[in-house]
Amino acid sequence: MSQVSIPHVVFLLLEPQPASVQPSALVGAPKLPPELYTDDDHHGRIYCPDCGVMCGRRPRKSPKRKDGVPAFYFHMPGFDTVECPHRKRGAAGGGGDADAKQRRAINIVTFAGWKSLADNDEREDDDDDDYLKPKRKEAQNGSSVSGRGGFENYFDSDGNLLNPGRFKTVRRLVQLAQVNLNIAVQFGGEDAIRLHDLIVSIEKAQRNIKPYLRKSFLFFGKPTSIVKGAYGRVFFNFNSPGHDLSGHCELDIFESRGWKTFERDNYYMFYGQVDGDEKHSIIKVLEAGQIDRVPATARQLFDGLL
């Protein structure tokens, strides 16, 4: 059975703490709406008032997910056959196509660790024109097959993702963005974020860097200069009257791609955390999978994001 919204749970402290209790044991226990939840005090001690199954909160420690969805409660896994007003059955006894449609979830891919120079797995075509080829894939039973509409994944009745897609390079993320900017990306231990919100143009960041400071995004832009500096790094500089942003890339990563410092007529893309202040900021690229580029002729890739 899929879940519907649980407006509030009840807090019950027991020793030991069971995974479910009789609903009658919850009568008189304090009610707890999502906005009053405190993870340190309440995690593992909250229950659905109607069926007595232990509940969790997503996200646990923030009022909203990164995609703007307010925090919500859900039944913990393992009790999907327990009758509850906050679960709903599909047609024909809870099986078949109706149930599958209820489990269909947002498109999502998960982080598998950035590809390093020593990583020979998932080798990708380094041809810049590869970005211009149409790509439509979807995840199915843990593998990729040809299909329409991007990756399609399914959640079980308790909201757990089944067989998600995976990525190790920013190239992969840009290829997915070609399919659908509403595909969501999930880094380990973080809430999912849409590609539309993850990919940011340098120009947009320079106009107002404040929302991006101390956060991680996939940035793209054409550098004003590329310079080999000290300490084995290459600097991609993006200068503007309002804000100067630079990408600091390890020299061995830069040279392994055969790139040259005079090759500025490309869109460079790199993922990382923005450090600095409202005048100057930097993004450090430490792994090969965190950076890539496309020729200026591939401008149409970013038209919806500029």
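Predicted model: local features only at pLDDT ≥ 70, side-chain atom pairs only at ≥ 80, totals over all residues.
Me: Okay, salt bridges next. What's the general idea, and how many are found in the whole structure?

Reply: Side chains of opposite charge can pair when their charged atoms come close. Here the search of the whole structure turns up nine salt bridges. One of them joins the side chains of Asp-39 and Arg-60, at 2.8 Å from N to O. Asp-39 sits in helix α1 (residues 39-42), while Arg-60 is in the loop between β5 (55-58) and β6 (72-75), so this pair ties together parts that are 21 residues apart in sequence.

Me: How covered are those two partners, Asp-39 and Arg-60?

Reply: Asp-39 counts as buried, with 10% relative accessibility. Arg-60 is partly exposed, its relative accessible area being 38%.

Me: Which residue does Lys-228 form a salt bridge with?

Reply: Its partner is Glu-255, and the closest N and O atoms are 3.3 Å apart. Lys-228 belongs to strand β18 (residues 225-228) and Glu-255 to helix α7 (residues 251-256), so the pair ties together parts that are 27 residues apart in sequence. Lys-228 is partly exposed at 48% relative accessibility, and Glu-255 is partly exposed as well, with a relative accessible area of 45%.

Me: You mentioned β18. Which strand do four bridges join it to?

Reply: They join β18 to strand β19 (residues 233-238), and the two run antiparallel. To find your place, look for Ile-226, whose bridge partner in β19 is Phe-236. The two strands form a hairpin with four residues between them, and Tyr-231 in the turn has a positive phi of about 65°.

Me: How do I read the order of strands in the open sheet of three?

Reply: Read across it: the order is β3-β2-β4, with antiparallel pairing. The edge strands, β3 (31-32) and β4 (46-47), each pair on one side only. Strand β2 (residues 9-11) is joined to β3 by two bridges, and Val-9 has Leu-32 as its bridge partner in β3.

Me: Last one, a helix. How many residues of α4 are buried?

Reply: In general, an α-helix has 3.6 residues a turn, so residues three or four places apart point the same way. Helix α4 (residues 170-179) is mostly covered, with eight of its 10 residues buried. Among them are Val-170, Leu-173 and Ala-177, and also Arg-171. That arginine takes part in a network of salt bridges linking Arg-171, Arg-257 and Asp-292.

Definitions and conventions: Residues numbered from 1 in each chain as written. Heavy atoms only, no water. Pairing = 2+ DSSP bridges. Buried < 20%, exposed > 50% of the residue type's maximum accessible area, 1.4 Å probe, protein only. Salt bridge = Lys/Arg side-chain N within 4 Å of Asp/Glu carboxyl O.
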